[in-house]
Amino acid sequence: MTTAAHEGSRFDAQAAERELYMRTFARQPITLVRGEGVRVWDDTGREYLDFLAGVAVNALGHCAPAIVEAITRQASTLIHTSNIYHTVPQLELARLLIDHSCMDRIFYANSGAEANECAIKLARKWGRLHRDGAYEVITALGSFHGRTLATLAATGNRHYQEAFDPMPDGFRHVPFNDLEAMRDAISPKTAAIMLEPVLGEGGIFPATPEYLHGVRRLCDDNGILLILDEVQSGIGRTGHLWGYEAYGVEPDIMTLAKGLGGGLPIAACLAKERASVFAPGDHGSTYSGSPLVCAASLAVVRTILETDLLSHVREMAAHLEAGLRAIQAEGDAGIVEIRASGLWMGIEFDEDRAGAILDRCRDDGLLVNRTSANTIRIAPPLVVSREECDRFLDIFGRAISR
Ligand SMILES: Cc1ncc(COP(=O)(O)O)c(C=O)c1O
């Protein structure tokens, strides 16, 4: 479909990026100018099926009417004020998130990394108050927790850290899904364990139920906090509102971002009352929880709760997974593993050809992403339809055939 959105565009974004932007992103060679539902269009008018959704952000799809209406209304009412004052959308959202989770208190942030910074500060304060000055946070190898210095140090991947050594002190990394290693790593210095229920950037590796239950027990036995980083797994991605629900394991602290705002930058750190140890002045943020982003988030969370979207996620996830397993069974594409957690899947190949597959998909009008040289990740909008899943399977099946 050709639209006015690209016809008026004379600006060469890709040339401008090469000249002006810091060399941080390995961007795909397309410029996106418009989105609607599960589709986006580039500046030449080409249409793509978006099975990445802003990396698990556009939960309701692009320009979802509920979000557009909510932010349009809020934008002409009150966009930003200071957290020195009370605002209604922020506290309505707090009520909704707390009523529908195991948490008691919330602090808003602007990104996943900032929400995790907040969780790490809570853990350190907890250690100071309740564990004789313990400050260490144990995290998993292969995890991803963000790009600020503390969350980079928490991230269990040297590749992201090396250029910025020395890393801040106070983090230990252990193999994921290895309870013995976790037990061995706990010391009097440990204040908290921080885990993703499903390693997202790491390639969609779910925690085993025994592992998460075991970690919960270790935390209880040692008086340390369990932080679950649900930045990518939260807000329905796994087919549950929160990733932890699939396990029946409650964290003491949970962080959210990505899908929470459906495309607007909002994140949150939630805590149980006993872990909510900040005192006035301990933490703050200028922009966080503004009326505008909270209005968007209210639209997302209400839609999920009021439309039974989670059943839809589980249905579409089963359909997609069955289709992918049928392709795998044909055998000639070299799929060695499909790891699925709701509408969030890692497809691992027997060769390092994720980059080539990604290019072929894009050339054929499908956006996916890779988490490593041999693994493709998909995370479509939660509202993806059966027809869109079938279209994905058709394009993807062709793109991976050898
Ligand atoms: C589990 C997890 N935590 C934290 C982050 C960092 O979020 P942000 O990029 O919003 O800072 C990410 C981003 O991919 C993530 O997947």
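## Aromatic pairs

The count of aromatic pairs comes to 5 in this structure, which is a predicted model. A pair of aromatic rings is described by the distance of the centres and the angle of the planes.

Phe 144 and Tyr 160 form an edge-to-face pair, with 5.3 Å from centre to centre and 70° between the planes. The two residues are 16 residues apart and link distant parts of the chain. Phe 144 lies in the loop between β5 (136-140) and α7 (149-154), whereas Tyr 160 belongs to helix α8 (residues 158-161). Phe 144 has a relative accessibility of 19% and therefore counts as buried, the cut-off being under 20%. Tyr 160, at 21%, counts as partly exposed.

Phe 176 and Tyr 211 also form an edge-to-face pair, at 5.6 Å centre to centre with 75° between the planes. This pair too links distant parts of the chain, its members being 35 residues apart. Phe 176 is placed in the loop between β6 (171-174) and α9 (179-185), and Tyr 211 in helix α10 (residues 209-222). Both Phe 176 and Tyr 211 are buried.

## Aromatic cluster

Phe 51, Phe 392 and Phe 396 form one aromatic cluster. Phe 392 and Phe 396 are also among the α14 residues that meet α12, and Phe 396 is one of the α14 residues that meet α13.

## Packing of α4 and α11

Helix α4 (residues 65-75) packs with helix α11 (residues 291-306) at an angle of about 150°, and their axes are 8 Å apart. The two helices are therefore roughly antiparallel to each other, a description that applies to angles over 145 degrees. The crossing of α4 past α11 is right-handed.

On the α4 side, the contact involves Ala 66, Ile 67, Ala 70, Ile 71, Gln 74 and Ala 75. These meet Pro 291, Leu 292, Ala 295, Ala 296, Ala 299, Val 300 and Thr 303 of α11. By class, the contact of α4 with α11 comprises 11 nonpolar and 2 polar residues, with no charged ones.

## Packing of α12 and α14

Helix α12 (residues 309-330) and helix α14 (residues 386-400) pack at about 25°, with their axes 10 Å apart. They are therefore roughly parallel to each other, as angles under 35 degrees are classed in this way. Their crossing is right-handed.

From α12, the residues in contact are Glu 315, Met 316, His 319, Leu 320, Gly 323, Leu 324 and Ile 327. Their counterparts in α14 are Arg 386, Cys 389, Asp 390, Phe 392, Leu 393, Phe 396, Gly 397 and Ile 400. The contact of α12 with α14 has 9 nonpolar, 3 polar and 3 charged residues.

## Packing of α13 and α14

Helix α13 (residues 354-363) packs with α14 at an angle of about 135°, the axes being 9 Å apart. This angle makes α13 oblique to α14. The crossing of α13 past α14 is right-handed.

In α13, Ile 357, Arg 360 and Cys 361 take part in the contact. They meet Ile 395, Phe 396, Arg 398, Ala 399 and Ile 400 in α14. The residues of the contact of α13 with α14 divide into 6 nonpolar and 2 charged, with no polar ones.

Terms used:
Residues numbered from 1 in each chain as written. Predicted model: local features only at pLDDT ≥ 70, side-chain atom pairs only at ≥ 80, totals over all residues. Heavy atoms only, no water. Axes fitted to C-alpha atoms, helices over the stretch in contact; angles between N-to-C directions. Helix = DSSP H or I, 4+ residues; strand = E, 2+ residues; numbered from the N terminus. Parallel < 35°, antiparallel > 145°, perpendicular 65-115°, else oblique. Left-handed = near helix turned anticlockwise from the far one by under 90°. Contact = heavy atoms within 4.5 Å. Nonpolar A, V, L, I, M, F, W, Y, C, P; charged D, E, K, R; others polar. Phe/Tyr/Trp six-rings, centres within 6.5 Å; stacked < 30°, edge-to-face > 60°. Buried < 20%, exposed > 50% of the residue type's maximum accessible area, 1.4 Å probe, protein only.
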